[in-house]
Structures are given as C-alpha cells and as structure tokens.
Amino acid sequence: MNVTVLGAGTMGHGIAQVSAMGGHDVTIRDIDESLVEDGVSAIEDNLEGGVARDKVSREKADETLERISGTTDLAEAVTGADLVIEAIPERMELKVDTLETVEENVVADAVIASNTSSLSVTEIASAADHPERVIGLHFFNPVHIMTLVEIVVAEQTSDETVAFAHEFTEGIEKVPVEVTDTPGFASSRLGVALGVEAIRMVEEGVASPRDIDTTMELGYNHPMGPLELTDVVGLDVRLEILEYLREELGERFKPPQTLKRKVRAGNLGKKSGEGFYVWEDGEIVDDAVEGDR
C-alpha cells in the first residue's frame, strides 16, 4: 500500500517510520526541504538506535529506509496514495485547507486521516467531497515505541473506512481503540484533565513537580508522571488542547496561569530544553527553577 504522511515533525516522521516498518511504501512531505531531511534523519536515528539495542535487525532497518521517500510537493506526495495521514499543526483552518488540496489530487477511494489530538474530525471531514473517507488516526509520541492508536470516527465516516483504519493499524503492529468524535476524544480529554490538575497542585504548593510525578508513578503504576508527560508532549500543545476543550466543554478545562506563563516564556518542555524540568539530550537533568511554585 502507498501511504503519504503530511508533516515531517515529531509525529509525522514517527508515523512514516512505523508505516514503512509495516511494509508500506511511504512518502513524507513537508513545506521545506530541510524539514523533510530532518524528518528522514530522525527516522534513521531511531532505526540505528533500535539496531544498537537489538530491537531492530539491520536488514529490517535498511528495508524500512528503502521504502521511504520525501518531497515538498503536496500534489506529488498524495498522487497514487491509498492512505494520506496529515500530521500538521493543530489549527483547524490549516487542516481544512490541506484536506481540500489533498482531495483534489487523490483517487476517490483514498482514505484521508488526521492525526489531530483533539480537534473535531467531523468538522475537518465536512470540507471534503467524500467525507465518508475521512477518519482520525491519533498516534502517540514517540510513535515508534507507543503501541496505542486512537481511531476517531466522525459523523460522516463510513463503516468501510473504519474497517480500513483497523486493518491498517493492526497491520503496523499497533493497538487500535475506537472512539466517537467528541472534543478531546478519550486520550486527550483524560490526559489533560490529569495534567492540568497536577499543574494546579504545583501552583497551590501541594508538592513539587517531581514529587507529584513520583506519586503517580509509584502509587498508580504510571510509567511517567503527568508533569513529565506534559513536558514530553509540549506545554504549547497542552495549552492549545485545554483552550479548545474549555471552549467546547466548559471551565473545568481552564488553563492554569503557570502553564500560560511558561508557554509565553518559550519554556515548552523537552523540545525547548525546559518546562517543569530541565532537559538535555532528551533526558531530565534537573528540576526547573520556578518563581511561581
């Protein structure tokens, strides 16, 4: 099968990697050649890490890379695709515009999926001439490690498209969960609810970020505490989700001031080097010094 992934960032290159590892021919597209190259380079690094840890064979790594190509041309990228997965920024107007362009260049029976973590797939699909072929495929970061994929069924999505999504997801060795298209779906709604309460606890001086995270890791068997996870996901991403959920579901999702201040200061978590923790080379090296603790 031919799979096109739109967006070569953290989620996009991860989706491209697991799709290629699943035996599909993959085209990864972004707006700038350097972004495409960075995405492919990240895939190479992930595969080399897998080989070094005996998680991936050398043959499998080489075959995966051979199945991946990159381009900046959107029309070229989606022509001939059986499945197009967009992993572009979480802005509704951008996703709708992209969908309209994609649909102009794909065959009528191609499935178009959004990796959105919270936006309405039904609203995205409403811009399509064939909305029954639109669905949500919400992968989790890091994609090559996390096994869960949330299949988000829009109002217009056909049973055939849902079946296709399950078959694709299972074929790339992921575990699908099927949810109805509602604000935040299941994962983002529950995830940010825990994360936002943890941030409020920091604001109120209940405990430090590290102690809150340790409580959830050791007391509830979470592999990662809610504040470390917020750093990994990105504070800006969490803020966008909270603002959307507040608009859709009410004040219980009101973003804390601490989160807003950190985002305004550019402290976005792991990707910027500091959030609730200080990060170097992808690892926590210290607690962030915060005047608002």
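**A guided reading of the chain**

Guide: Of the 293 residues of the protein chain, 48% count as buried. The model is a predicted one, in which local features need pLDDT of at least 70, side-chain atom pairs count only at pLDDT 80 or more, and totals for chains, interfaces and linings use all residues. Residues are numbered from 1 along each chain as its sequence is written, and side-chain values use heavy atoms, with hydrogens and water left out.

Visitor: What makes a residue buried, exposed or partly exposed?

Guide: Buried means under 20% relative accessible area, exposed means over 50%, and partly exposed lies in between, with a 1.4 Å probe and protein chains only.

Visitor: Why is the protein chain called as compact as a globular protein of its length?

Guide: The secondary structure comes to twelve helices and ten strands. Helices (H or I, at least four residues) and strands (E, at least two) are DSSP runs, numbered from the N terminus. The radius of gyration of the chain is 19 Å, close to the 19 Å that the globule rule gives for 293 residues, so the chain is as compact as a globular protein of that length. That radius is taken over C-alpha atoms, and the rule is 2.2 Å times the number of residues to the power 0.38. Along the principal axes, the C-alpha atoms fill a box of roughly 55 × 45 × 35 Å.

Visitor: Why is G184 called buried?

Guide: The relative accessible area of G184 is 0%. Buried requires a value under 20%, and G184 is therefore buried. G184 is placed in the loop between strand 8 (175–180) and helix 8.

Visitor: Which residues are in contact with G184, leaving aside its neighbours within four places in sequence?

Guide: They are S117, S118, R189, Y244 and L245, where contact means heavy atoms within 4.5 Å. G184 and L119 are 65 residues apart in sequence and 7.0 Å apart in space, C-alpha to C-alpha.

Visitor: How do you know that N115 counts as buried?

Guide: N115 counts as buried because its relative accessibility is 9%, and the limit is under 20%. This residue is found in the loop between strand 5 (111–114) and helix 6. Not counting residues up to four places away in sequence, N115 touches M11, I15, E86, A87, L137, H138 and F139.

Visitor: What makes A127 partly exposed?

Guide: The relative accessible area of A127 is 21%. Since partly exposed is the range between the buried limit and the exposed limit, A127 is partly exposed. A127 lies in the loop between helix 6 and strand 6. Leaving aside neighbours within four places in sequence, A127 is in contact with V96, L99, E100 and E103.

Visitor: How do you know that D54 and N221 are exposed?

Guide: D54 has a relative accessible area of 71%, and N221 has one of 69%. Exposed means over 50%, so D54 is exposed and N221 is exposed. D54 is in the loop between helix 2 (33–52) and helix 3 (58–66), whereas N221 is in the loop between helix 9 and helix 10.

Visitor: What is the phi of D54, and what is the phi of N221?

Guide: Most residues other than glycine have a negative phi, and most peptide bonds are trans. Phi of D54 is near 60 degrees, a positive value in a residue other than glycine. N221 has a positive phi of about 65 degrees although it is not a glycine. The peptide bond from N141 to P142 is cis, with omega near -5 degrees, and P142 lies in the loop between strand 6 (134–139) and strand 7 (148–153).

Visitor: Why is helix 10 called mostly covered?

Guide: Six of the eight residues of helix 10 (residues 226–233) are buried. Those residues are P226, L227, E228, T230, D231 and V232. Their cover includes helix 8 (187–203), helix 9 (209–219), helix 11 (235–249), strand 9 (277–280) and strand 10 (283–287). Just after helix 10, G234 takes a positive phi of about 115 degrees.

Visitor: What makes a set of residues a nonpolar core?

Guide: A nonpolar core is a set of buried Ala, Val, Leu, Ile, Met, Phe, Trp, Tyr and Cys residues joined through side-chain atoms within 4.5 Å. Of the 42 residues in the largest such core, L6, V78, V84, V102, V134 and L227 touch the most other members. Helix 11 gives the most to this core, with six residues.
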